[in-house]
Amino acid sequence: MFVSSSFLVHSLHLLKPAMPVGKLRFSCQSPATAMEPTANDDETWLWAQIKAEARRDAESEPALASYLYSTILSHSSLERSLSFHLGNKLCSSTLLSTLLYDLFLNAFSTDPTLRSAAVADLRATRERDPACVSFSHCLLNYKGFLSCQAHRVAHKLWTQSRRPLALALQSRISDVFAIDIHPAAKIGKGIMLDHATGLVVGETAVIGNNVSILHHVTLGGTGKMCGDRHPKIGDGVLIGAGATILGNVKIGEGAKIGAGSVVLIDVPPRTTAVGNPARLVGGKEKPSQLEDIPGESMDHTSFISEWSDYII
């Protein structure tokens, strides 16, 4: 049935968004207290905010009213909207959108950890990327966010021994988003994959919580060996654009990897590694210690002021 944009915009005026109860921020070490909102409260507030943003955008840009209605406003929950959107993004002539919708919706509906991770990723992107103007913008348009959510479903399928379907989903994610994450790779929450084009994450890689990764990053192996052969990325790490990390190496919590760096050995927590091959800022014996969490602050270049031989 065709629904006109003018009718949708008129109807949207009748729907008033719920007032937000306050900003909730995901933290991998947030203590549980009686006053702290639950994950379900966070999801409910975020979904109300997304719908309010979609109503606002539909009213200001009627050309998008039908699109916003079908992807967001017609759905009763975030998992239904996300499942519908991913199904339409990743479908093909032989992998139908209805099949994918059912697949995604079943995964998100039955696994609360997938939903909480999606909420944390939305918040992470909105907070860390100044170009992200709204939660709905991230949900609809950020391929880093969308590919990460699709990967989580592929990973769930992988752990359920539904590996052919997991690999087929990985292939579609790679085709559509130009991001290649093996379905066996483990990814935490509060993740921002900024721009994300060209990202490669190998089979045995592990990415912690509150990590930010830019485009053209490779978390790869070093040859044809099998077994545990890919990087382990700690919580709060920032990996700059074009960085390459190879082998079963550990990037410590709160570390920073400079853009274009090639990392072949472990990087200690709270340090900065830059260059090809990468070296620690401040020296190997007493490397400079970071005070902030780079995966959240997104500070890419403050180390340059401490790097005395950097001259143009």
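Tutor: Start with the cysteines. The sulfur of Cys 138 has its closest cysteine sulfur in Cys 132, at 4.8 Å, too far for a bond. Keep in mind that this is a predicted model.

Student: Why is Cys 138 called buried?

Tutor: Its relative accessible area is 0%.

Student: Is Cys 226 buried or exposed?

Tutor: Exposed. Cys 226 has 68% relative accessibility, and the cut-off for exposed is over 50%.

Student: Which residues does Thr 125 touch, leaving out those up to four places away in sequence?

Tutor: Cys 132 and Cys 138 are among them, and so are Tyr 142, Ile 191 and Met 192. Contact here means heavy atoms within 4.5 Å. Thr 125 lies in helix H6. Thr 125 is buried, because a value of 2% is under the 20% limit.

Student: Now charged pairs. How many salt bridges does the whole structure have?

Tutor: Eight. One of them joins Arg 123 and Asp 42.

Student: What makes Arg 123 and Asp 42 a salt bridge?

Tutor: Their closest N and O atoms are 2.8 Å apart. The limit is 4 Å, so the pair passes.

Student: Which parts of the chain does the pair tie together?

Tutor: Arg 123 is in helix H6, residues 112-128, and Asp 42 is in helix H2, residues 39-60. The bridge therefore links parts that are 81 residues apart in sequence.

Student: Are Arg 123 and Asp 42 buried or exposed?

Tutor: Buried. Arg 123 has a relative accessible area of 2%. Asp 42 has 13%.

Student: What about Arg 56 and Asp 57: what makes them a salt bridge?

Tutor: Their side chains meet at 3.1 Å, N to O. That is within 4 Å, so the pair counts.

Student: Why is Asp 57 called partly exposed?

Tutor: Its relative accessibility is 22%. Partly exposed lies between the buried limit of 20% and the exposed limit of 50%, so the label follows. Arg 56, at 43%, is partly exposed too.

Student: How do you know that Glu 203 forms a salt bridge with Arg 229?

Tutor: The closest N and O atoms of Glu 203 and Arg 229 are 2.8 Å apart, and 4 Å is the limit. Glu 203 sits in the loop between strands E4 and E5, and Arg 229 in the loop between strands E7 and E8, so the pair ties together parts 26 residues apart in sequence. Glu 203 is partly exposed at 27%. Arg 229 is buried at 18%.

Student: Now the backbone. Which bond is cis, and where does its proline lie?

Tutor: The peptide bond joining Asn 276 and Pro 277 is cis, with omega about -5°. Pro 277 lies in the loop between strand E14 (272-274) and strand E15 (279-280).

Student: What is noted about phi in Ala 196?

Tutor: Phi is positive, about 75°, although Ala 196 is not a glycine. Ala 196 lies in the loop between strand E3 (192-193) and E4. Ala 196 is buried, because 1% is under 20%.

Student: And what is phi of Arg 270?

Tutor: Near 60°, a positive value in a residue other than glycine. Arg 270 is in the loop between strand E13 (262-263) and E14. At 28% it is partly exposed.

Student: Last, the sheet. In which order do the six strands of the open sheet run?

Tutor: E3-E6-E9-E12-E14-E15, with mixed pairing.

Student: Why are E3 and E15 said to stand at the edges?

Tutor: Each has a single partner strand, so one side of each has no neighbour in the sheet.

Student: How do you know that E12 and E14 pair?

Tutor: Pairing needs at least two bridges. Strand E12 (residues 256-257) and E14 have two, in the parallel sense. Ile 257 stands opposite Ala 273 in E14.

Technical notes:
Residues are numbered from 1 along each chain as its sequence is written. This is a predicted model: local features need pLDDT of at least 70, side-chain atom pairs count only at pLDDT 80 or more; totals for chains, interfaces and linings use all residues. Side-chain values use heavy atoms; hydrogens and water are left out. A disulfide is a pair of cysteine sulfur atoms within 2.5 Å. Buried means under 20% relative accessible area, exposed over 50%, partly exposed in between (1.4 Å probe, protein chains only). Helices (H or I, at least four residues) and strands (E, at least two) are DSSP runs, numbered from the N terminus.
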